[in-house]
Amino acid sequence: MEILAQLIVSGIALGMIYAVIAFGYQLTFATSSTLNFGQGEALMLGALVGLSLVGYMNYWLMIPLVLIFGAMQGVFVERVAVLPALKTKSEFGWIMTTISLAIIFKNVAENIWGRDDLTFPSPLPTSPLQFFGIRVLPMEILVVFGALAIMLAVEIFNRKSIYGKAVVATSNDRDAAGLMGINTGMVITFSYALSSMTAAFAGVLVAPLTLTGATMGVVLGLKAFAVAIIGGLNSGMGVIVGGLLLGIAETTTGYYISTGYKDVPGLFLLLLVLAIKPAGMFGKSVIKKV
Amino acid sequence: MLEIQNLHAAYGKVEVLHGISLEVPKGKVVTLIGSNGAGKTTTMRAISGMIKPASGRLSLNGIDITGMSSNKIARSGLAHSPEGRRVFATLSVTDNLLLGAFPRLTFGRPRGDVEGDLKRIFDLFPRLKERENQLAGTLSGGEQQMLAMGRALMLNPDVLLLDEPSMGLAPLLVEEVFRIIRELKSRGITMLLVEQFAAAALNVADYGYVLENGHISVHGPAEQLKNDPAVREAYLGAAH
């Protein structure tokens, strides 16, 4: 029982990382119906830039700089890969262009930071805390609260500020939003900035818990994509539940069955959701008018 | 005021508007009538920048707005209540109205008294006040129409485009919509009205244009059009 609780706790920290990345997928999908398939690479770049910066400053000061870097990286992705596809009304062009950019980012990172995995110094004590016999790393607690904080911040911005409402209006009906005087092109660019920013933030949160390197984003990005599909591409609650399910499924399977099979339940869940409720567990199906 | 000269518009290679010229003078209500598919909504969409005109010239208050994006045209003072209402379903009634004032709350239009205007919109549409915190998607069709009109008014526009405000509404609500249009007219709001109920539209308007297959076939003061035998035959029902 204690082991199970331990596995669940570790799964929660992992799941929240998936949730934040999946949340980033949702941000751009809402405004433009496009996704950045380089979301994992945005995370990786955030972590590596953060790693370089912590050489000069402490972890907490580094975070805002990484957030700025992430936002700029998102703007770059949107301008270079997504905007041309949206302009030519290419239905699927953005899939190839964002994947290509992701590969380029990975190669650039390999050239700058090398191919080996690096260790990210932990800003918090690395000895676990004990709660009723369950060991929790302080960094895991930070991951959970940091992830919740950034999602909550975006949600509050969307609900309370007029600019946030403009983002929601653009997600609702882009043409009608334009009639309100909202520059919807800017809103889409902004959503990309925000999306990569959350991924970069997830990167510096997860980096001290894992190995940091150019390839760290590939698997995380893919699994978070599964989470976004499982939870629903338009449901904030969905990504958290989906992320936690996948995270816990991984840690428990890894322990009770074999680490080799740890990805199976998540992918099985993905197939199940796609077969039964393709809009996602919490997703609202949208009927597209033609 | 709004001036349109020789406007051509196309969807892909198919030209829908073949050179339309019309004028909406300040403080006047102008109506554009015509059968389905004549190009009424396309004209509205081309004016507000939802589609780019193929050629022609649009000017608002003497400023050339041809080819501008819809958000810039809105900031120049043109509000468009589109066909099909297009309210923001997942936002509250109040948020929808506030977004109508987006350029005033951010930049591009003088702020003025946004809170006061919101109150005045609620006075004009008491049903919206009752539902101010409800999500727009849960409103009835008539309420959504009121919201779309109120939202457009929140811009404090120099010119208001109303596209089929009575579409799909019950007869009582159609009357209510026309009562509001008359009220707006008495407040001196400049309007371009597209309507399927040609008779009602000509009753409220000062001037009318008849659109036929992408051309203006007849135009003149509303009184005159109402008595024009050809217009009566085609749009007002000859028996009346």
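Leaving aside neighbours within four places in sequence, Lys223(A) is in contact (heavy atoms within 4.5 Å) with Tyr18(A), Leu246(A), Glu250(A), Lys262(A) and Asp263(A). This is a predicted model, in which local features need pLDDT of at least 70 and side-chain atom pairs count only at pLDDT 80 or more, while totals for chains, interfaces and linings use all residues. Residues are numbered from 1 along each chain as its sequence is written, chains are lettered from A and ligands numbered from 1 in the order in which they are written, and side-chain values use heavy atoms, with hydrogens and water left out.

**Two residues to look at**

- Lys223(A) belongs to helix 9 (residues 216-231) of chain A; helices are DSSP runs of H or I with at least four residues, strands are runs of E with at least two, and both are numbered from the N terminus.
- With a relative accessibility of 11%, Lys223(A) counts as buried; buried means under 20% relative accessible area, exposed over 50% and partly exposed in between, using a 1.4 Å probe and protein chains only.
- Thr31(A) sits in helix 1 (residues 2-32) of chain A, and Thr31(A) is buried too, at a relative accessible area of 5%.
- Not counting residues up to four places away in sequence, Thr31(A) touches Val167(A), Thr170(A), Ser171(A), Val187(A), Ile188(A) and Ser191(A).
- Twelve residues along the chain from Thr31(A) is Ala19(A), and their C-alpha atoms are 19 Å apart.

**Chain A as a whole**

- Chain A has eleven helices and four strands.
- The radius of gyration of chain A is 19 Å, close to the 19 Å that the globule rule gives for 290 residues, so chain A is as compact as a globular protein of that length; the radius is taken over C-alpha atoms, and the rule is 2.2 Å times the number of residues to the power 0.38.
- Along the principal axes, the C-alpha atoms of chain A fill a box of roughly 60 × 50 × 35 Å.
- Of the 290 residues of chain A, 50% count as buried.
- Among contacts in chain A between residues at least 6 apart in sequence, 76% join residues at least 24 apart.

**Where chain A meets chain B**

- The contact involves 17 residues from chain A and 23 residues from chain B.
- Together the two chains, A and B, bury about 1800 Å², with 66% of it on carbon and sulfur atoms; buried area is the accessible area (1.4 Å probe) that two parts lose on being put together, summed over both.
- Ile162(A), Leu179(A) and Met180(A) supply 37% of the area that chain A buries against chain B, more than any other three residues.
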